[in-house]
Amino acid sequence: MDDKKEKDDEISIDFSKIKNFFSKSSEGPQKASDDIDLSGVKEGVMQSYKATKGFLSKYGIFLLVLIPLILSIYLRIQPQYLPATDDWAKNVVYNSYKDQIGNQVRQQYPNLPDQNINALADREFESFLAKNGAQVERDVNSASQYFKSQFKDDNGDTYLIAIDPFFWLRHARNVLNNGHPGDILKDGKPYDTYMNSPTGRFVPADMFHAYLIAYLYKIYSLFNPDVSLMHISFYVPVLISALAVIPAFFVARRIAGDFGGLIAGIIVAVHPAFLVRTLGGISDTDGYNVFFPLVITWLFLECMGAKSLKYRILLAALNGFFVGLYAFSWSGWWYIFDFLLVAIIAYMAYYAIIHRGEFKIGKILGQQSIKNALIVLAAFFLFSGIFVAIFTNGEIFYKATIARPIGFTKLKEVGISTVWPNVYTTVAEQTPASLNSVIDQTGIGSLFLFFLSLIGMVLPLVRRKAEAQTKWLYILGCGVWYIVILALRPQNLLLFLGLISIPIAILFIISIIKREDLEDINLTMLLIMWYVSTIYASTKGVRFTLLIVPAFALALGISFGILSDYFSKFFRDILKIDGRIARLSVVLVFLMLLVYPVNVLSSSYNAATAQVSDMNDGWWNSLDKINREASKNSIITSWWDFGHWFKYIGNRPVTFDGTSQDSPPAHWVGRILSTSNEDEAVGILRMLDCGANTAYDKLLPSVNDVAKTIDIIHQIVVLGKDDAGKVLLNKGLSPEQADEVLKHTHCEPPEAYFVASEDMVGKSGVWAHFGNWNFDRALMYNTLKRPEYASDFKKGVDFLVQRFNMTEQQASNVAYEIQNLKTSEDANNWIAPWPGYQSGAKACRKLADNEIECDSIQGAKIRVNLETLQADVQTGNGIMHPNALWLATKDGMRERSFNDTIGVSIVVFPDGNNYRNIAASPEIAGGMFTRMFFLAGHGLEHFKPFSYQTTVGGGQIYIYKVDWNGSGMNLLPAFKQTGNATAG
């Protein structure tokens with residue numbers, strides 16, 4: 001009887017009970033009039049209701065699953081319609097009318113203060129809008145259509161969002177054209193000739209996404225031959241994210257009933273950490289990082305609960321298949337695999353301890369529960385290994401339990417394993433996050449939801465306890481415990497993770513002492529591991545926050561489901577409220593938690609509708625010009641961010657890109673952008689296009705010193721081939737060794753293009769940091785941080801004296817500096833500066849024929865003599881000067897350096913009949929990027945303008961074709977117009 005009542009009391013949206021609710025509410029007085037016979041109407045209503053009841057009883061679960069599934073699809077398709085452009089259009093049109101009205105008011109009342117003019121203009125605009133609303137609306141629609149057109153190709157397809165989706169799109173195109181994701185086959189394996197050009201690399205094993213896009217395109221094109229590959233790719237994340245809702249629903253439903261499943265599904269559908277990475281157009285692998293772990297978890301639970309050996313093996317095989325697909329989808333697949341292995345082993349250990357008195361230690365493997373778990377463990381491990389090997393290779397599976405789990409913790413290290421710079425320190429996705437930030441993002445901005453998710457990991461373990469009072473006291477105690485932890489929020493990560501695990505640990509200890517099995521132990525073990533590990537990982541890199549979403553969704557769904565069940569019973573049994581009313585009321589209250597105090601649904605909708613692509617007609621047209629006009633063996637070079645765009649749209653190889661950013665070209669390209677020596681820039685670019693970093697690789701064994709090897713490379717790239725060969729011979733290389741190096745520094749290079757774009761201004765601190773990387777300092781840090789040197793200060797000092805020819809005092813000072821560098825950030829800052837642009841181009845005013853005054857940083861005025869290049873800045877400490885003044889002249893660039901400096905350099909250049917200036921760090925002020933972007937290539941002989949475009953947002957894109965021989969100097973337009981800007 002109690003078991004039956006317990007079952008009935010579980011929160012489950014049972015549509016069959018609606019009939020009784022209506023029957024009870026209809027009880028009361030008989031018909032108001034004997035003259036009205038409602039029996040026929042009643043019979044018809046009852047028949048309709050019975051039909052509806054039968055349908056809902058049969059398909060109710062599917063209808064519940066459809067709610068989060070449809071919500072997921074609805075949110076993720078929003079970028080297709082570009083709703084954000086409607087707001088842009090409205091702002092542009094409204095501001096245009098307001099400006100016109102404001103100018104009219106200003107002309108009418110020239111002496112009126114600006115505040116009064118603006119207020120009057122606002123009133124006039126409201127009046128104008130009331131009278132001309134239809135015209136204004138047409139203008140808004142027209143502007144919106146224009147904006148939308150800038151984010152669509154000629155077929156009307158919305159461009160993919162972000163950068164990485166074009167990586168997969170190109171490999172999908174290769175699958176269609178070549179039958180594999182590579183450009184060619186090398187040693188029987190797909191090879192990518194467009195990456196790390198001209199050397200290329202083998203295509204990674206995790207290419208499932210590219211194959212999925214390609215084969216979905218093949219299928220869909222049977223019905224619509226005009227569909228584009230990009231259109232199919234746009235909707236793949238929408239599909240994968242919607243599918244992820246299904247396993248989340250059924251895993252949570254298994255523990256906490258229909259309502260728990262519904263909540264878990266909704267959270268997966270709307271969680272911002274998942275949503276913003278899987279919107280339509282963000283066709284990347286992030287969707288698999290939620291879908292596959294949830295499917296694998298679902299199958300694991302079903303496998304552990306299977307009653308027959310046949311189904312257990314079958315489910316384990318199916319789970320292994322999905323593990324293989326996950327490995328084929330993402331290189332970080334191993335984490336859920338390792339979690340499940342640990343969960344099974346922990347379960348066996350737990351069961352053995354609980355039932356320690358029921359069997360002899362030697363016969364532990366003969367116990368049925370242990371035997372079943374061993375079968376699951378063996379089958380899961382075996383089938384996972386088979387399918388991972390089939391879809392990828394056996395080595396990837398071998399590494400899953402050893403190298404991978406600790407690898408992510410070293411992503412941000414600097415100067416430890418190599419003296420080369422670590423680009424991952426500047427990648428936004430790899431930026432470490434604070435514990436507070438991780439909690440906020442996990443809980444979708446609601447600390448209460450995060451709190452409930454912690455409770456959700458405890459509730460399954462206590463809900464079956466016979467002693468109701470004890471159960472409630474423990475739940476209450478856990479609630480108080482978690483409130484205290486979240487209120488104090490200890491910032492020691494390991495302490496925090498340990499504290500949130502204590503309530504579960506206590507239940508385990510009590511269970512072991514009492515020898516009582518805990519319910520749903522497998523899922524709880526998995527969830528706590530999942531939570532603790534992914535919170536830890538997220539503090540190492542914000543991208544890992546995505547991995548918390550499945551665990552958070554399940555824990556919150558379980559919490560909602562079980563707590564709503566408890567409260568429903570309380571209202572029914574204690575307050576004597578009708579059970580159906582109690583359930584409905586509790587469910588509605590819990591649903592309100594998704595919109596108050598934090599409106600999760602609204603936040604997700606706003607995030608979805610605000611998204612537009614970085615790709616636009618400006619970029620597309622720029623790169624398509626390369627595709628149409630460049631030779632097939634051309635190489636495109638720029639900073640790495642947009643490399644995938646260059647490969648797909650420009651359809652040409654690149655120096656490096658988003659999957660090879662942490663590689664030597666980060667230094668070489670950064671140096672090209674930084675240096676003011678065009679010969680050095682074109683020499684480095686020739687080396688890269690002749691063999692990427694091969695020259696370094698060939699030279700290093702002969703020199704046997706990384707820093708010295710880099711110095712030699714920098715020496716020889718600016719020289720002719722013969723002179724470079726003499727330098728190499730003087731360094732002790734044999735003629736054969738020297739020729740091998742020169743083959744990769746002074747070849748006949750292919751056609752080349754260089755891109756300088758608006759985004760690189762803001763990224764200047766990054767590329768300039770790596771371009772100015774001090775390899776000597778990096779070697780010092782790398783050496784003195786090794787255990788044998790870190791523990792022997794004198795040994796470190798001796799190394800510095802011998803290797804860098806320092807005095808004992810100099811070496812001691814440097815050794816102490818290195819000793820005090822505690823973090824990778826400290827090391828990064830010590831090894832190289834972070835140069836950047838202090839201002840955009842600002843106006844200058846003529847004071848005399850050869851004298852101008854320029855606005856500069858922080859409101860300072862700089863007076864510049866265009867003949868002598870004297871530059872004075874009036875400061876609180878008197879007259880000071882920029883570190884250097886760079887002036888664009890009809891003969892190129894002139895430079896003058898100063899003492900008593902303000903810490904930045906100034907670049908002055910003509911703009912029509914006037915001048916403008918830029919303030920920048922001395923390391924980059926006169927550098928190649930400054931000239932390519934701000935000065936349109938002025939003064940350069942090897943970089944010829946090829947294309948200039950502006951984006952819908954006003955960003956500028958310059959593309960230069962490399963003239964390896966250097967024929968003729970580029971000039972600013974001002975120097976081509978008689979009588980304009982003739983200084984110099």
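Modeller: The model is predicted, so local features need pLDDT of at least 70 and side-chain atom pairs count only at pLDDT 80 or more, whereas totals for chains, interfaces and linings use all residues. Residues are numbered from 1 along each chain as its sequence is written, and side-chain values use heavy atoms, with hydrogens and water left out.

The open sheet of 3 strands has the order S1-S2-S3, and its pairing is antiparallel. Strand S1 (184-186) and strand S3 (201-202) each have a single partner strand and stand at the edges, so one side of each has no neighbour in the sheet. Two strands are taken to pair if DSSP finds at least two bridges between them. S1 and strand S2 (residues 189-192) pair in the antiparallel sense over 3 bridges, and S2 pairs with S3 in the antiparallel sense over 2 bridges. On the S3 side, Tyr191 has Phe202 as its bridge partner.

The hairpin of S1 and S2 has 2 residues between the strands. Asp187 lies in this loop between S1 and S2 and has a positive phi of about 55° although it is not a glycine. At 69% relative accessibility, Asp187 counts as exposed (over 50%; buried is under 20%, partly exposed in between, with a 1.4 Å probe and protein chains only). In the loop between S2 and S3 is Pro198, and the peptide bond from Ser197 to Pro198 is cis, with omega near 10°.

Both features have counterparts elsewhere in the chain. Asn704, which is not a glycine either, has a positive phi near 60°. This residue lies in the loop between helix H30 (694-703) and helix H31 (706-717), and at 68% relative accessibility Asn704 counts as exposed. The peptide bond from Tyr596 to Pro597 is also cis, with omega near 10°, and Pro597 is found in the loop between helix H24 (579-592) and helix H25 (600-609).

Val295 lies in helix H12 (residues 288-305) and counts as buried at 7% relative accessibility. Leaving aside residues up to four places away in sequence, Val295 touches Pro247, Asn319 and Phe322, where contact means heavy atoms within 4.5 Å. The C-alpha atoms of Val295 and Ala248 are separated by 7.9 Å, although the two residues are 47 residues apart along the chain.

For the chain as a whole, buried residues make up 52% of the 984 residues. Among contacts with a separation of 6 or more, 69% join residues 24 or more positions apart. The accessible surface comes to about 43800 Å², of which 55% belongs to carbon and sulfur atoms; the areas come from the Shrake-Rupley method with a 1.4 Å probe, and for residues only the protein chains shown count as cover.

Terms used: Helices (H or I, at least four residues) and strands (E, at least two) are DSSP runs, numbered from the N terminus.
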